[in-house]
Every structure is written in C-alpha cells, then in structure tokens.
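User: I would like to go through this structure and ask what stands behind each label. Please set the values against the cut-offs.

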Amino acid sequence: MNFLQIIDLAGTFVFAVSGTLSAANKQRLDSFGVLFVAFVTAVGGGTTRDIILGIHPVVWVEDVRYFAIILLGVWLTLIYKQYIAPLKKTLFLFDSIGIGFFTILGMQKALMIGVTPVIAIIMGMVSATVGGVLRDTLCNDLPLIFHRELYATACVAGAVLFLLLDALQVENTLNMCLTIAVVILIRLLAVRYRIHLPTIALEETAPEEEEG
C-alpha cells in the first residue's frame, strides 16, 4: 500500500465519521439512513471526480477495503458517540481533516492521468467538497461550502501550494503532508477568526411608483 492509498483510506474514514455524526444528530434517521449518509459522504467526492475524469470503475467498486473502512467509521462513531458528539465542533474538525486529505488526493489522481494543473486543482476541490455537500443536503442542512468562512478556497490554496512545491522538486510525500496540513490550518483559522471572502449582494431598489 503506497502513501496515496493510505491518504485515500484515511480520508474515507474521516468523512465516514463526519457523515455519521451529521446523520446521527437527525432523530428521524434509522441505522440504514445513518450508514447511507456516511457512505455518500465518504465516497461522493471521489466518485464524482472519477466520473468527470472518465476513470472506470471508480475505486471503491473494485476495492472492498473502502466499504470496510466506512463500516468501521460508522461503527466506532456510533459506539463512542456519547463521548465525541458532545465535543464542540467535532463534526467541523473531522470535515476539515477530510477536505485536506481529499484535496491533495484528488489533485494527485487527476495529474496522474495527464490533465492540466488548472483542471487538477478543480478536481481536488471536487473531491474535497462534493461529499460534504451531499451529506448536508441529505440531512437538510446548509452545505458548509456555502458558509461565509473559507472552505473551497482553502482547498484551492492547498492545491496551488502543492503545485508550487512540486515545481520546486519537493519530495512528493513531504509535499502532500505539508499541503494537507495547510488546507486544514486555513480552514481552522478561517472559522476561528471569522475570515471570509467579500460577500456579493445586489442593492435593493425601491419599487417604482405607480403612474397615475
């Protein structure tokens, strides 16, 4: 098992935990509903990326380890939910770790099949964010990507840094570790200090007075 596969499985586990935590807070979801949300969260981004890039079959279809790691994440989260769920921002932390893993993983997989750096950055962002969007949509929550704090922007920043360090011939494993850490750190600092991009809002115009 190479380092890229380790990152993939670790990211799958982390997102399975975040999906379980999110779903378990919804009182109307049964155990199958929780498992379904966890599964979609864990593989949604990677599946979307592979479909866009024309990679078939997607990796979890032919490798049972992914389903096993999702089951493990769900089981451990439900068993220890009473200890980890009350912790403030637990879901946020696992989500931040997950986007760090999958941003760089998605970029690496895209670059391996020869796409341009710009498309690789987009694929990294897709890998990192789509699973969370599906999770939040299924749980009837506003997706984190639409929150004001930096989210997709953190993914893009980490992806660009990865390309820069790669151009400087930084060893690949070290590069991945550094850029994953940067994505997570940007996300944590953005929420801690309420850093966000400027908002865009159209000014409200007064209704036109009726003639006559």
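Analyst: The largest pocket is lined by 16 residues, and Leu4, Asp8, Val59, Lys109 and Met112 lie nearest its centre. Two or more residues of this lining come from each of α1, α3 (59–62), α4 and α6. The model is predicted, so local features need pLDDT of at least 70 and side-chain atom pairs count only at pLDDT 80 or more, while totals for chains, interfaces and linings use all residues. Residues are numbered from 1 along each chain as its sequence is written, and side-chain values use heavy atoms, with hydrogens and water left out.

User: What makes a set of points a pocket, and what makes it a cavity?

Analyst: Both are found on a 1 Å grid over the protein atoms alone. A cavity is a set of points where a 1.4 Å probe fits but cannot get out; a pocket is an open set with protein on both sides within 12 Å along at least five of seven lines. Lining residues have an atom within 4 Å of a point. The volume is the space filled by probe spheres set on the points, which are joined across faces, edges and corners. For the largest pocket that volume is about 260 Å³.

User: How many residues of the pocket lining are nonpolar, polar and charged?

Analyst: Eight are nonpolar, two polar and six charged. Ala, Val, Leu, Ile, Met, Phe, Trp, Tyr, Cys and Pro count as nonpolar, Asp, Glu, Lys and Arg as charged, and the others, Gly among them, as polar.

User: How many cavities of 30 Å³ or more does the structure hold, and what lines the largest cavity?

Analyst: There is one of 30 Å³ or more. The largest cavity holds about 90 Å³ of space. It is lined by 14 residues, with Asp8, Val43, Gly46, Val59 and Trp60 the closest to its centre. The largest share of the lining, six residues, comes from α2. By class, the lining has seven nonpolar, three polar and four charged residues.

User: Why is Arg187 called buried?

Analyst: Buried means under 20% relative accessible area, exposed over 50%, and partly exposed in between, with a 1.4 Å probe and protein chains only. Arg187 has 2% relative accessibility, so it counts as buried. Arg187 is in helix α9. Leaving aside neighbours within four places in sequence, its contacts (heavy atoms within 4.5 Å) include Phe92, Ser96, Glu149 and Tyr151.

User: What makes Ile7 buried, and what does Ile7 touch?

Analyst: At 6% relative accessibility, Ile7 falls in the buried class. Ile7 sits in helix α1 and touches Phe101, Leu105, Met176 and Ile180, not counting residues up to four places away in sequence. Its C-alpha is 9.6 Å from that of Cys177, 170 residues apart along the chain.

User: What makes a group of residues a nonpolar core?

Analyst: The members are buried Ala, Val, Leu, Ile, Met, Phe, Trp, Tyr and Cys residues joined through side-chain atoms within 4.5 Å. The largest such core has 36 residues, and among those that touch the most other members are Ile7, Ala42 and Ile70. The largest share of this core, seven residues, comes from α6.

User: Why is α6 described as largely enclosed?

Analyst: Because 17 of its 23 residues are buried, α6 is largely enclosed by the rest of the structure. Helices (H or I, at least four residues) and strands (E, at least two) are DSSP runs, numbered from the N terminus. From first C-alpha to last, α6 reaches 33 Å, close to the 33 Å expected at 1.5 Å a residue; the expected span is 1.5 Å times one less than the number of residues. Gly114, with a positive phi near 90 degrees, follows α6.
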